[in-house]
Amino acid sequence: MSERYVVNGQTIELVLGDITDQDVDAIVNAANSHLAGGAGVDGAIHRRGGPSIMAETRRKYPDGCPTGSAVISTAGELSARFVIHAVGPIWNDGNSGEPALLASAHQCCLELAVKSGCRSIAFPAISTGVYRYPVDKAAAIAIGTSAQFLREHSTPNIIRFVLFSPNAYETFATALRSITTP
Ligand code: ADP
């Protein structure tokens, strides 16, 4: 399954798969603010990337990373060049600043990717697992922030969303279609 949308000559694409399999310059981790490692995406990245990633984030970011922001490290044994550790919000009721925090987590990742010369970046569905953000609401923010970023910047060339279930894929596809159909 895959689907794409071209904005300003650059592509937003959706794939069903595992974030750690992606052959891109940067993969995004759904991290926690202590950068402590966890389940889900975080566990998969550290398992496949090896211990050097955590060693580097401990050294460079001893205070962790605030919610709504992101930090960058090398990618250990993964084929990507970088891992960008993004901290999305925990879903509460939707009126506790979650949308702005989720948007800024995506925005920070894209800015770090550009600064580091990345031409391609792969995101998981940040906050939609353990952090319980409703997937439809998260998809609208993730896709909307990405499309706006590409309208304003000439890189990255590819922003890929890697969805772990057919359900999440379909929900992101609906969000993508809603910005592509006038
Ligand atoms: P968060 O704590 O930000 O909610 P999670 O890692 O718990 O992060 O989940 C984020 C999303 O990533 C969920 O939709 C989950 O199903 C999905 N996911 C889990 N493992 C992977 C993986 N290896 N590749 C891509 N997506 C994954």
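**The ligand site and selected residues**

In this predicted model, the ligand sits in the largest pocket.

Me: How many residues surround the ligand, and how do they divide into nonpolar, polar and charged?
Reply: The closest residues around the ligand are V41, S127, T128, G129 and V130, and helix α1, residues 40-49, gives the largest share of the shell, 3 residues. In total 14 residues surround the ligand, and they divide into 8 nonpolar, 5 polar and 1 charged.

Me: What distance separates an oxygen atom of the ligand from an N or O atom in the side chain of T128, and what share of the ligand does the protein bury?
Reply: A polar side-chain atom of D18 lies 3.1 Å from a nitrogen atom of the ligand, while a backbone N or O atom of V41 lies 2.9 Å from a ligand oxygen. For the side chain of T128, the distance from an N or O atom to an oxygen atom of the ligand is 2.7 Å. Taken alone the ligand exposes 560 Å², and the share of that area buried by the protein is 87%.

Me: Is S127 buried or exposed?
Reply: S127, one of the closest residues to the ligand, lies in the loop between β6 (120-123) and α4, and has a positive phi of about 75° although it is not a glycine. Its relative accessible area is 6%, and the cut-off for burial is under 20%, so S127 counts as buried.

Me: Is R132 buried or exposed?
Reply: R132 also lies in the loop between β6 and α4, and its phi is near 60°, a positive value in a residue other than glycine. Because its relative accessibility is 52% and the cut-off is over 50%, R132 counts as exposed.

Me: Which side chain makes a polar contact with the side chain of R160?
Reply: R160 has its place in strand β7, residues 158-163, and is buried, with a relative accessible area of 14%. At 2.7 Å, the side chain in polar contact with that of R160 belongs to E13.

Me: Which side chain makes a polar contact with the side chain of D21?
Reply: D21 is placed in the loop between β2 (10-16) and β3 (26-30), where it counts as partly exposed at 49% relative accessibility. The polar contact is 2.6 Å, and the partner side chain is that of R48.

Me: Which residue does a cis peptide bond join to T155?
Reply: The residue in question lies in the loop between α4 (135-152) and β7. With omega at about 0°, the cis peptide bond joins T155 to P156.

How values were computed
Residues numbered from 1 in each chain as written. Predicted model: local features only at pLDDT ≥ 70, side-chain atom pairs only at ≥ 80, totals over all residues. Heavy atoms only, no water. Near = heavy atom within 4 Å. Polar contact = N/O pair within 3.5 Å; in protein donor to acceptor, adjacent residues only side chain to side chain. Areas by Shrake-Rupley, 256 points an atom, 1.4 Å probe, with all protein chains shown as cover. 1 Å grid on protein atoms, 1.4 Å probe; cavity = no way out; pocket = protein on both sides within 12 Å on 5 of 7 lines; lining within 4 Å. Sits in = over half its atoms within 2 Å of the grid points. Helix = DSSP H or I, 4+ residues; strand = E, 2+ residues; numbered from the N terminus. Nonpolar A, V, L, I, M, F, W, Y, C, P; charged D, E, K, R; others polar. Buried < 20%, exposed > 50% of the residue type's maximum accessible area, 1.4 Å probe, protein only.
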